[in-house]
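Hello,

Here is the structure I promised to pass on. Please open it first, then read my notes below.

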Amino acid sequence: MPTALFSHESSLTHVTPPGHPEQVARIAHIQEALSQPDFQILERRSAPECSDADILLCHPQSHLEAITRAEPTSGSVALDADTHMSPGSVKAARHAVGGCLAAVDAVMAGEVGNAFVACRPPGHHAEQSTPMGFCLFGTAAIAARHAMERHGLSRVAVVDFDVHHGNGTQALLWDEPRSLFIGSHQNPLWPGTGLAEETGGHNNVMNLPLPPHSDGRLMRATYEAEVFPALKRFAPELVILSAGFDAHRDDPLAQLEWTEADFVWLTEQLCDLAATYCGGRVVSTLEGGYDLNALAASVAAHVRVLMERAG
Ligand SMILES: [Zn+2]
């Protein structure tokens with residue numbers, strides 16, 4: 001089966017201020033990398049816009065209205081020190097969510113083996129009523145809820161390997177016993193959450209803080225000792241990846257020392273686990289990654305494994 005690649009041109013119209021790391025050029029670099037000949041067999045699909053009801057799977061109506069109201073008609077508005085909106089930001093965020101939901105639908109229908117969603121803004125820091133960390137809506141958590149509510153799944157794993165803790169996904173799924181949220185991240189690092197003792201309302205959250213300057217060897221040992229056994233106990237029916245690539249050693253926002261080879265290894269392990277428990281159903285959605293060349297190379301390496309494993 002093919003690997004699907006979901007994208008939408010609205011990702012290019014969410015414009016952040018000059019010098020902001022979460023920039024339009026991230027998507028342009030990814031698109032360039034995935035335009036190379038070995039990616040021709042990707043099944044390219046347009047990421048549809050999500051509905052209000054989709055966003056309300058995880059956020060209150062007041063949050064949707066506040067975000068919609070906050071969008072400027074020109075220029076840029078800052079929601080906090082990190083999180084900005086331009087004309088087109090709401091549309092971009094709605095297509096990012098919609099792309100992830102469509103990826104779940106395609107994988108659940110057996111139309112594709114797995115999927116990567118190359119949209120922005122990212123989502124894993126957005127809490128119920130709080131946009132933050134470049135994020136407006138909790139894309140990965142909404143996709144997990146979508147899989148539960150509309151596909152009837154009762155065990156959805158969300159694995160977040162972005163270098164920053166996915167505080168938003170954790171908050172949105174904290175009281176959701178049908179989900180298992182596992183996050184590895186540098187600590188100390190913004191946003192400061194994600195300590196090992198944060199275990200969710202139903203022992204359904206697992207946090208793996210990693211010290212600054214640690215490399216892929218510690219990551220691999222940690223995943224082998226903690227993450228893979230937890231996933232095997234959970235036996236997921238679907239694996240959603242919050243795929244941030246800012247743990248790369250070249251990333252300017254953090255101090256982990258992972259390489260492309262580490263992202264390859266991690267993707268292989270997670271795909272193999274998904275093959276054992278859920279027919280290989282993996283939906284991977286882009287989160288962070290701010291060195292443009294490292295991001296493009298890491299995404300390409302990640303997607304190449306998805307293609308190999310989709311068979
Ligand atoms: Zn990040």
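The second largest cavity is lined by His-14, Thr-16, His-20, Glu-22, Asp-82, Thr-83, His-84 and Phe-134. A cavity here is a set of points on a 1 Å grid over the protein atoms alone where a 1.4 Å probe fits but cannot get out, and lining residues have an atom within 4 Å of a point. Its lining has one nonpolar, five polar and two charged residues. Asp, Glu, Lys and Arg count as charged; Ala, Val, Leu, Ile, Met, Phe, Trp, Tyr, Cys and Pro as nonpolar; the others, Gly among them, as polar. The volume of this second cavity is about 30 Å³, taken as the space filled by probe spheres set on the points, which are joined across faces, edges and corners.

This is a predicted model: local features need pLDDT of at least 70, side-chain atom pairs count only at pLDDT 80 or more, and totals for chains, interfaces and linings use all residues. Residues are numbered from 1 along each chain as its sequence is written, and side-chain values use heavy atoms, with hydrogens and water left out.

The whole structure has two cavities of 30 Å³ or more. Residues lining the largest cavity include Ala-96, Val-117, Cys-119 and Glu-287. By class, that lining has six nonpolar, three polar and one charged residues.

Now His-125. His-125 counts as buried because its relative accessibility is 4% (buried means under 20% relative accessible area, with a 1.4 Å probe and protein chains only). Its side chain makes a polar contact of 2.7 Å with the side chain of Asn-167 (N or O atoms within 3.5 Å, one able to donate a hydrogen and the other to accept it; residues adjacent in sequence count only if both atoms are side-chain atoms).

Best wishes

Technical notes: 1 Å grid on protein atoms, 1.4 Å probe; cavity = no way out; pocket = protein on both sides within 12 Å on 5 of 7 lines; lining within 4 Å. Buried < 20%, exposed > 50% of the residue type's maximum accessible area, 1.4 Å probe, protein only.
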